[in-house]
Amino acid sequence: MQLLWPTTPADPVSDADLERLYGYPEDLSRPWVQVNFVSSADGAVAVDQLSEGLSHPADKRIFLTGRLLSDVILVGAGTARAEGYRGARINPERAARRVSLGLSEVPPIAVVTRSGDLDPAGPLFTDTKVPPIVITTEKAPQAALERAGAEVLVAGTDDVDLHRALALLAERGLRRVDCEGGPALFADLIAADLVDQLCLTVAPLLAGAGERRIADGRPSPRPRRMDLASVLFEDGFTMLRYRRREGG
């Protein structure tokens, strides 16, 4: 993997370089949301409805770095179901690194669901080292999820209020938010003007028509200007990092 911008070092990009590039701001006083996505060159978010067909080892390094540096991993229920989400996997070395950064050994998975439609017997609940967090609404059924071990946070009556959801996470010390999709949750975060950083890997593939874009759903009231913060490149895959322009 090479860093193309803002500088071009002779040596390959190290894990320490990735931590520096993708690290969260120091001393956060509010939730800070980073969103991770991979797309084809023609804008598709998946191949055969799964992101794995677009991924690459370089992209997975970015993905794992996002998990390494976060307090919590945020994901929409549709993506959690489609991708078969389970609890985060952290090896002993990475767990020790997280502790050295003042983080818990393993970040929890927080799933956003308006309906509460999650399988309590699924791997999200049964194959995890830490209990998942379910962010849902007053009208969604909660008892079965709580019995399965989830911490249920109510952030709205009919729909999930993402400002309230992030505030509830922040109250628990979970301010470094690593969002892994999917398109509907990303669209909602954009519409609520809550995206601080987008980490986008562009795969050198043409997926053709039929797949969704990385943001698909609720329209945004106005575009949010982002600044290009870094560009990484490996084997035809381009890893772009865009950071929110304050006041933009």
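The largest pocket in this predicted model has a volume of about 1,300 Å³, where a pocket is an open set of points on a 1 Å grid over the protein atoms alone, with protein on both sides within 12 Å along at least five of seven lines, and a volume is the space filled by probe spheres set on the points. Of the 50 residues that line this pocket, Thr 79, Glu 83, Tyr 85, Glu 180 and Gly 182 are the closest to its centre, and a lining residue is one with an atom within 4 Å of a point. Two or more lining residues come from each of strand E2 (32-40), helix H2 (57-69), helix H3 (77-82), helix H8 (183-191) and strand E8 (197-203), and the largest share, 6 residues, comes from H2. Helices here are DSSP runs of H or I with at least four residues, and strands are runs of E with at least two, numbered from the N terminus. The lining divides into 18 nonpolar, 15 polar and 17 charged residues, with Gly counted among the polar ones, and Asp, Glu, Lys and Arg as charged.

Gly 182, in the loop between E7 and H8, is joined to Gly 181 by a cis peptide bond with omega of about 5°.

Residues are numbered from 1 along each chain as its sequence is written. Local features need pLDDT of at least 70 and side-chain atom pairs count only at pLDDT 80 or more, while totals for chains, interfaces and linings use all residues, and side-chain values use heavy atoms, leaving out hydrogens and water.

The largest nonpolar core has 33 residues, and Val 35, Leu 74, Ile 135, Leu 169, Phe 186 and Leu 189 have the most contacts inside it; such a core is a set of buried Ala, Val, Leu, Ile, Met, Phe, Trp, Tyr and Cys residues joined through side-chain atoms within 4.5 Å, buried meaning under 20% relative accessible area and exposed over 50%, with partly exposed in between, for a 1.4 Å probe and protein chains only. The largest share of this core, 5 residues, comes from H7. Ile 135, leaving aside its neighbours within four places in sequence, is in contact (heavy atoms within 4.5 Å) with residues including Leu 74, Val 111, Leu 153, Ala 165 and Leu 169.

Within H7, Leu 162, Ala 165, Leu 166, Leu 168, Leu 169 and Ala 170 are buried. Asp 161 caps the N-terminal end of H7, with a side-chain oxygen 3.0 Å from the backbone nitrogen of His 163, and H7 is followed by Gly 173, whose phi is positive, near 80°.

Gly 173 is also one of the residues that Asp 71 touches, beyond those up to four places away in sequence. Asp 71 sits in the loop between H2 and E3, and it counts as buried because its relative accessible area is 8%. A polar atom of the Asp 71 side chain lies 3.1 Å from the backbone nitrogen of Arg 175.

Finally, two backbone details. Most residues other than glycine have a negative phi, whereas Asp 27 has a positive phi of about 50° and Asp 235 a positive phi of about 55°. Asp 27 lies in the loop between helix H1 (15-22) and E2 and is exposed, with a relative accessible area of 71%; Asp 235 lies in the loop between E9 and strand E10 (237-244) and is exposed at 57%.

Technical notes:
1 Å grid on protein atoms, 1.4 Å probe; cavity = no way out; pocket = protein on both sides within 12 Å on 5 of 7 lines; lining within 4 Å. Polar contact = N/O pair within 3.5 Å; in protein donor to acceptor, adjacent residues only side chain to side chain.
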